[in-house]
Amino acid sequence: MQCSFTVLRRIALTAIVFATSASTTQLVAQGAGGAAGANPAGAAKKAMTVAEIEALVRGKQAAVLILDKVEQNCLAAALTPADEKTLSAAGAKDDLIAKIKGSCVEKLKTTTLVSLLDDSKVTPKVRELEQACTAGAAAACDSAAAKYEEGIYAPQDKHRSAELYLMACSSGIEGACDKSIDLYDASKDTVDIVNAARLMAVQCERNIAKFCLRLGKGFEAGRGVPADPVRAGKMYAQACDFGAMAGCAKAADAIEKSELTAADIDRWTTMREKACKDGHAESCSKLGEALTNDKRFPKDMVRGGDALVRACDLNDLKSCSTMANMVVKKDYTKKDAAWAVGVLGKTCESGTAADCVLAGTLLIEGGAVPVDSAAAAKRFGAGCDAKNIVGCERAGDIDYALRNFTAAATHLPGACDAGRGVSCRQLGALFLHAEGKPDSARAIASFKVACDKKDGIGCSVLGDLKRIGRRADRSLVEARAHYLVACDASVMNSCVDLGVLIATGRGGARDVAAAGVLFEKACGARATRGCVQSAHVKFVTRTGKDGASFLTQFDEACKNGELAGCDFAADMLMRGDGIARDEKRAVALLTTACDKGYAESCSNLGEAFVRGAGVSKDRAKGASLFEKSCAGSNPHGCWNLGKLVLKGDDDITKDGAKALELFKNACADDDSAGCVSFAEMYDRGDQVTKDRDEANKWFDRACTLGWDDRRCRDKK
């Protein structure tokens with residue numbers, strides 16, 4: 001059986017000559033010649049003589065065709081040295097003569113059949129088929145091959161099956177060609193794989209695109225043929241031309257590996273368009289990118305956009321992202337913002353953080369699509385989860401605005417840790433106002449980071465906390481520093497707050513002129529508080545005595561809700577400074593401002609009740625107003641209350657210890673009168689051990705805060 005198997009294998013392997021050193025064009029031409037020279041199915045075969053072969057050589061017949069005919073019909077007799085000289089003289093190449101010499105001989109062919117029939121494992125039916133096959137019956141070759149392939153009525157033998165299919169193929173049965181190629185190509189035998197490549201070349205020349213494609217992959221991988229990317233590209237191009245769209249994509253890939261000429265660009269574009277139309281998403285994506293964003297290609301936003309939309313429809317998420325951004329920028333107008341939002345939602349869910357943020361931005365800004373804060377927060381949150389800091393920042397902002405504090409606490413820390421001052425400020429506000437569980441320490445820490453990042457509002461809030469001292473250790477020095485940063489960041493209210501501290505000498509040196517500059521800056525930015533305070537500085541530093549115009553400004557500011565204007569107007573009316581005195585009107589203005597929480601006016605109103613100025617004298621009422629003013633962080637209100645409880649009377653319980661504490665707090669808050677009263681208690685030994693040195697320390701402190709006393713002037 002080994003003898004018969006070897007002969008059949010040799011017949012199959014030499015049916016089509018495949019010259020691996022030839023060019024791709026030569027390779028295919030030679031393969032085609034072999035196929036064309038095959039006898040039709042069932043045709044009678046006649047062993048060839050040397051004379052017949054010589055005639056073919058002199059007739060310039062292709063070598064592959066000559067060899068194919070010899071192998072199909074066998075030699076009438078083995079070549080002699082004289083025969084070889086005859087063929088050489090006729091023009092046959094040495095390699096062709098050598099292959100002819102190694103071909104089958106008619107006598108051997110008959111012997112092969114006898115040997116084949118002796119295989120005891122093959123059923124008589126299969127033997128009959130093989131005998132008919134060797135006699136030239138193509139259908140019998142095909143049937144016998146199937147039996148060996150399936151292992152029915154004969155042992156399963158993929159090699160023999162492939163060879164029989166090849167014999168059927170050479171006689172014109174197309175399906176047999178495909179089966180033979182598949183079996184050879186699936187083999188682990190290098191010879192079989194080479195044979196498969198040879199057959200693919202023949203089928204490719206017959207315009208069977210799938211084999212051009214497979215041969216291209218062979219050249220690309222060096223399977224059955226030498227690795228050759230250039231030849232691979234040519235095979236892919238043929239596959240594309242014959243209708244295999246995968247070949248178009250692969251041919252375009254091959255073109256990309258070289259420097260593109262104008263002709264290459266045209267070919268590449270055509271191939272990508274074919275593949276894209278056939279549903280190859282990568283080709284759509286590459287075509288779109290080339291036409292919209294590659295300087296080597298002529299820009300065509302519409303054509304390129306269409307390709308990207310097609311890629312997106314084929315679920316290429318990168319193309320979806322690109323197209324959505326193009327639509328938003330109006331670089332492509334065949335789709336609208338609503339489409340973009342939908343597509344961005346899909347790419348966002350796949351983990352593209354920037355698209356989450358863009359979708360959220362469209363949903364929160366509205367205009368092109370309806371505003372949907374909840375959906376925007378969801379998209380920003382997804383971006384944050386994907387480590388996009390802008391997503392964290394905006395998700396936190398919206399969550400906080402929607403009072404979704406749990407979600408805000410999840411999103412804001414990431415943005416704050418990344419140095420987003422606004423997010424640190426929002427996080428601080430979250431800790432400061434958290435329902436039921438405020439965390440002042442974390443709030444202060446967050447505002448501090450925000451301020452360090454030059455977030456003006458964060459600095460402003462931190463300044464307020466340090467000035468008021470309710471949630472933080474009070475420090476007017478720090479408050480000034482924070483207000484300065486906020487003012488420089490154009491937070492005009494902080495310019496005013498800083499100016500007030502400077503004008504009153506709290507937290508540092510007193511400088512009315514510098515305060516006036518700050519107030520004027522705020523006023524120029526249309527901050528009414530700044531205008532009122534600026535007017536007050538001009539009032540106290542005026543050279544004349546007229547005050548009517550200032551009263552008009554303060555009164556108008558008061559009517560517009562600026563409570564400092566109420567207080568300034570009341571002070572003018574109470575003292576008759578540049579205008580006629582009107583204590584009752586002053587009391588009315590102070591009452592309005594105090595009722596609305598202006599601590600300075602509560603203290604001034606308390607003084608009116610204590611003195612009976614513009615209102616019936618009522619020391620108890622005055623004390624309650626001083627207490628309200630003190631609780632509102634007005635140090636002068638604390639001092640006024642301290643004076644009342646220190647003395648006591650029928651309406652007010654005397655409490656020296658409380659007075660001492662109130663004076664101490666007022667002094668700590670840079671109220672010079674509070675420092676004087678605190679020093680006097682040490683000087684008298686009232687509620688404390690008498691200590692003249694300690695008293696002098698606090699008198700000196702009062703001097704630095706603007707106390708106008710002889711001892712201060714003497715020290716100078």
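Glutamate 256 is partly exposed, with a relative accessibility of 31%; in these terms buried means under 20% relative accessible area, exposed over 50%, and partly exposed in between, for a 1.4 Å probe and protein chains only. The structure is a predicted model, in which local features need pLDDT of at least 70 and side-chain atom pairs count only at pLDDT 80 or more, whereas totals for chains, interfaces and linings use all residues. Residues are numbered from 1 along each chain as its sequence is written, and side-chain values use heavy atoms, with hydrogens and water left out.

Glutamate 256 forms a salt bridge with arginine 272, with 2.7 Å from N to O. A salt bridge is a side-chain nitrogen of Lys or Arg within 4 Å of a carboxyl oxygen of Asp or Glu. The pair links distant parts of the chain, since arginine 272 lies in helix α16 (residues 262-277) and glutamate 256 in helix α15, 16 residues apart. Helices (H or I, at least four residues) and strands (E, at least two) are DSSP runs, numbered from the N terminus. Arginine 272 is buried, at 0% relative accessibility.

Aspartate 253 pairs with lysine 286 in another salt bridge, where the closest N and O atoms are 3.5 Å apart. Here aspartate 253 belongs to helix α15 (residues 245-256) and lysine 286 to helix α17 (residues 281-293), 33 residues apart. Lysine 286 is partly exposed, with a relative accessible area of 27%. The side chains of aspartate 555 and arginine 585 also meet in a salt bridge, at 2.6 Å from N to O. This pair connects helix α32 (residues 548-559), which holds aspartate 555, to helix α34 (residues 583-595), which holds arginine 585, across 30 residues. Aspartate 555 is buried, with a relative accessible area of 15%, while arginine 585 is partly exposed at 32%. Salt bridges that share partners join Asp253, Glu256, Arg272, Glu282 and Lys286 into one network. The structure holds 40 salt bridges.

Arginine 480, in helix α28 (residues 476-488), is buried yet has no salt bridge. With residues up to four places away in sequence left out, arginine 480 touches Leu498, Leu501, Ile502, Gly505, Arg506, Gly507, Gly508 and Ala509, where contact means heavy atoms within 4.5 Å.

The largest nonpolar core has 58 residues, and those with the most contacts inside it are Leu164, Leu215, Trp268 and Met271. A nonpolar core is a set of buried Ala, Val, Leu, Ile, Met, Phe, Trp, Tyr and Cys residues joined through side-chain atoms within 4.5 Å. Helix α10 (residues 158-170) supplies the largest share of this core, 7 residues. A second, separate core of 31 residues includes Val532, Ala557, Leu563 and Leu589. Beyond its neighbours within four places in sequence, methionine 271 is in contact with Ala237, Cys240, Cys248, Ala251, Ala252 and Ile255.

In helix α3 (residues 50-58), the buried residues are Val50, Ile53, Leu56 and Val57. These residues cover an arc of only 120° around the axis, which puts them on the same side of α3; the arc is that of the directions from the helix axis to the C-beta atoms. Their cover includes α4 (63-73), α5 (81-90) and α6 (94-101). Just after α3, lysine 60 takes a positive phi of about 60°.

Positive phi values also occur in two asparagines. Most residues other than glycine have a negative phi. Asparagine 207, in the loop between α12 (190-205) and α13 (209-221), has a phi near 70° and is partly exposed, with a relative accessible area of 47%. Asparagine 315 has a positive phi of about 70°, lies in the loop between α18 (301-313) and α19 (317-328), and is exposed at 52% relative accessibility.

A disulfide is a pair of cysteine sulfur atoms within 2.5 Å, and by this rule the count comes to 18. One of these joins cysteine 74 to cysteine 104, with 2.0 Å from S to S. This link is left-handed, with -100° about the S-S bond, and both cysteine 74 and cysteine 104 are buried. Cysteine 630 and cysteine 638 are joined by a disulfide with 2.0 Å from S to S; the torsion about their S-S bond is about 90°, so the disulfide is right-handed.

Terms used:
Lys and Arg count as positive and Asp and Glu as negative; His and the chain ends are not counted.
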